[in-house]
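Please keep the sequence and the model in view while reading.

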Amino acid sequence: MNDNDTLTETLVELVEMLPEGAEHPVNVQIIATRLNTNKRNVTAWVAFLINHWGVPIGSRRNSRSGYYLITNDEERSETIAPLTAQTLEELKRAEKLRLIDLES
């Protein structure tokens, strides 16, 4: 078995851990522990699953934070809204940095 096979098995295992719907999201630390990795890898793998495999993974960032499989448009919107806000804030920061006069 090569590294790609191992990664594929890990990604499939990650998806299988996720509940359908936002009611009981699985915390990223729990996923990381079960997959014997760290939170950064889990986050990267989730992005990969969404971007390359088209897996509809949602996330919650409140007191019951974690990942889940999106089952409806409301859950999709609840996932997209904070991502959009974060992106806009990062774009603003990038623009401010670009405009800073480094000569003064």
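Which side chain meets that of arginine 98 in a salt bridge? The partner is glutamate 95, with an N to O distance of 2.6 Å. A salt bridge here is a side-chain nitrogen of Lys or Arg within 4 Å of a carboxyl oxygen of Asp or Glu.

The model is a predicted one, in which local features need pLDDT of at least 70 and side-chain atom pairs count only at pLDDT 80 or more, while totals for chains, interfaces and linings use all residues. Residues are numbered from 1 along each chain as its sequence is written, and side-chain values use heavy atoms, with hydrogens and water left out.

Arginine 98 and glutamate 95 are three residues apart in helix H4, so about one helical turn separates them. Helices (H or I, at least four residues) and strands (E, at least two) are DSSP runs, numbered from the N terminus. Arginine 98 is exposed at 59% relative accessibility, and glutamate 95 is partly exposed at 33%. In these terms, buried means under 20% relative accessible area, exposed means over 50%, and partly exposed lies in between (1.4 Å probe, protein chains only).

The count of salt bridges comes to three. In another of them, glutamate 89 meets lysine 92 at 3.0 Å, N to O. These two residues also lie in helix H4, and because they are three residues apart, about one helical turn separates them. Glutamate 89 is partly exposed, at 47% relative accessibility, and lysine 92 is partly exposed, at 48%. Aspartate 73 and arginine 76 form a further salt bridge, with their closest N and O atoms 3.3 Å apart. Three residues apart in helix H4, they too are separated by about one helical turn. Aspartate 73 is exposed at 55% relative accessibility, whereas arginine 76 is partly exposed at 45%.

Attention may now turn to empty space. Rolling a probe the size of a water molecule over the atoms shows where such space is left. The largest pocket holds about 530 Å³. A pocket is an open set of points on a 1 Å grid over the protein atoms alone, with protein on both sides within 12 Å along at least five of seven lines, whereas a cavity is a set where a 1.4 Å probe fits but cannot get out; lining residues have an atom within 4 Å of a point. There are 23 lining residues in the largest pocket, and Val46, Ser59, Tyr67, Thr79 and Leu83 are the closest to its centre. Helix H3 (39-53), strand S1 (57-60), strand S2 (66-69) and helix H4 (73-99) each give two or more residues to this lining.

Tryptophan 45 is in helix H3 and is buried, at 17% relative accessibility. Glycine 66 belongs to strand S2 and is buried, with a relative accessible area of 8%. Between glycine 66 and glutamate 78 the C-alpha distance is 13 Å, with a separation of 12 residues in sequence.

Finally, there is valine 12, which is located in helix H1 (residues 3-17). Valine 12 is partly exposed, with a relative accessible area of 35%.

Terms used
Grid points are joined across faces, edges and corners, and a volume is the space filled by probe spheres set on the points.
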